[in-house]
Amino acid sequence: MHSFHYQNGSLHCEDVDLAGLADEHGTPAYVYSATTIRDHYRRLDQALAGLDHGIEYAVKANSNLSVLKLLVDEGSGFDIVSGGELRRVIEAGGDPGKCTFAGVGKTREEIEYAIEKQIYCFNAESEEEVVFIDQVAGEMGKVAPVAFRVNPNVDAKTHKYISTGKSENKFGVDFEVIDAAYERASKLVNISLRGLQMHIGSQLTSLQPLIEAVEKVTPLAVRLKEAYGIEFFSIGGGVGIVYDPALESGKPDWWAAQEEEHKPLTIEQYAEGVMPVLKESGLKILLEPGRYIVGNAGVLLTRCLYEKKGSAKTFRIVDAGMNDLIRPALYEGHHEIVPLNEPTGSSSSVDVVGPVCETGDFFCQSRELPDFVPGEAIALLSAGAYGFVMASNYNSRGLPVEILVEGAEARVIRPRQTIEDILASEKAAL
Ligand SMILES: *Cc1c(COP(=O)(O)O)cnc(C)c1O
């Protein structure tokens, strides 16, 4: 479910006219629907109702404080990948005691901070890391809760840059040696073994790899519970979303043709698929969804500046670039592109490109799109996850404004960054 639809000929987020927002706040602008975020969280929670479970929202997908606050209010826990993200969760009113800490390269400072704030668990990615956490905890006179991330060596069948559960990926401890790793870790006195974690990849659109991984790893989790008293098994995040037919109503004809090809994995199918095996484990099951919660809850608004007709192609140049939304350049991410004025039927094949001086700075290539003209604003759909959080100042471009919509209300939750903001610390050093 998401809340972007045409109403009276113009694209709305909930009850707010997006063209109005683009005029008032300028472009590029990220706009998120609070109702959609909340709805996704609740749907997942309800789908898992039959299971002793906890949701740890993956902060890295969208870490704006107001977004985190929404999820704090829903009762969510948080999966963090840095000390900075832990600080964000705390700032948003979240409970560190509901945080798991992932990532292959935790630093001493981050480990100390997380121990001090009493997070729920470190999800460690190597024995070396566990030995180091034990050492740091010992120096602090504390006992740190630890889980290993196991690499189950299954193919998630997603883009190679977001696949994480194969032996050749840098993540986790190999399935074959994980028992021995727990055995050795159980001898360390400044850690306690609290759980087991896995995460096979992101944007999973078929259930099979996940079921395969769950079936392979659950018996291990049960063994570890019996041997060391671990209390949770986290199956990670990765539930994919539909990037193509993203509007819930008023889909134009040119859209429908694509729809058949991109059958989404529903959250209910996901839950039904994994629950039977997990239920028998008797462990608390944790999930770390990022994209599923926020992906379809956000759009990036951008305005068309020029139409440039080359001999081979037509380019529509827009005011958002790869520095604002890097998914297409980084891992061939697809975003549906729609004009804010409801399309009337005419369309043409175009490249939508940004102003950044890189050939990879495009949002689509040779795609049949409804016509729009310079001066008109368009929306890149499904930009709520891994959008703003990956934005940079490349080409000395300021970070876009972020706006949260709820009903008829739109609130700026991060103002647009100005060139003065960017220069301030450098000017101070001149
Ligand atoms: C990125 C990540 C997630 C979230 O992935 P999504 O595809 O956004 O659901 C969950 N767990 C870990 C360990 C991650 O690295």
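## Close-up views of a predicted model

**View A. Glu 74 and the residues around it.** Leaving aside neighbours within four places in sequence, Glu 74 touches Arg 38, Tyr 41 and Arg 42. This is a predicted model, so please read each view as a look at computed coordinates. Glu 74 sits in helix α3. Is Glu 74 buried or exposed? With a relative accessible area of 19%, Glu 74 counts as buried, because the cut-off for that word is under 20%.

**View B. Helices α2 and α3 packed against each other.** Here we step back from Glu 74 to the pair of helices. Helix α2 covers residues 34-47 and helix α3 covers residues 65-74, and their axes are 10 Å apart at an angle of about 40 degrees. The two helices are therefore oblique to each other, and their crossing is right-handed. Which residues make the contact? From α2 come Ala 34, Ile 37, Arg 38, Tyr 41 and Arg 42, while α3 supplies Val 67, Leu 70, Leu 71 and Glu 74.

**View C. Helix α5 and its cover.** In helix α5 (residues 108-116), the buried residues are Glu 110, Ile 111, Tyr 113, Ala 114 and Ile 115. What covers them? Among the covering elements are the helices α4 (83-91) and α6 (127-140), together with the strands β7 (99-101), β8 (121-124) and β9 (144-151). Do look just past the end of α5 as well: Gln 118 has a positive phi of about 60 degrees there.

**View D. The largest nonpolar core.** In soluble globular proteins, nonpolar side chains tend to be buried together. The largest nonpolar core in this model holds 104 residues, and those with the most contacts inside it are Tyr 57, Phe 122, Leu 196, Phe 233, Ile 235 and Val 352. Helix α8 (residues 208-228) gives this core its largest share, eight residues. Domain 1 (34-293) and domain 2 (296-427) each contribute at least three residues to this core. A second, separate core has 20 residues, including Leu 21, Ala 22, Ile 403 and Val 405.

**View E. The surroundings of Val 352.** This view picks out one of the core residues with the most contacts. Apart from neighbours within four places in sequence, Val 352 is in contact with Arg 316, Val 318, Ile 337, Phe 362, Phe 363, Cys 364, Leu 369, Phe 372 and Ile 378.

View F. The protein is divided into domain 1 (34-293) and domain 2 (296-427), with their C-alpha centres 30 Å apart. Their contact takes 27 residues from domain 1 and 26 residues from domain 2.

Definitions and conventions. Residues are numbered from 1 along each chain as its sequence is written. This is a predicted model: local features need pLDDT of at least 70, side-chain atom pairs count only at pLDDT 80 or more; totals for chains, interfaces and linings use all residues. Side-chain values use heavy atoms; hydrogens and water are left out. A nonpolar core is a set of buried Ala, Val, Leu, Ile, Met, Phe, Trp, Tyr and Cys residues joined through side-chain atoms within 4.5 Å. Buried means under 20% relative accessible area, exposed over 50%, partly exposed in between (1.4 Å probe, protein chains only). Helices (H or I, at least four residues) and strands (E, at least two) are DSSP runs, numbered from the N terminus. Domain bounds come from an automatic or database domain assignment. Contact means heavy atoms within 4.5 Å. Axes are lines fitted to C-alpha atoms, for helices over the stretch in contact, and angles run from 0 to 180 degrees between N-to-C directions. Angles under 35 degrees count as roughly parallel, over 145 as roughly antiparallel, 65 to 115 as roughly perpendicular and the rest as oblique. A crossing is left-handed if the near helix is turned anticlockwise from the far one by less than a right angle, and right-handed if clockwise.
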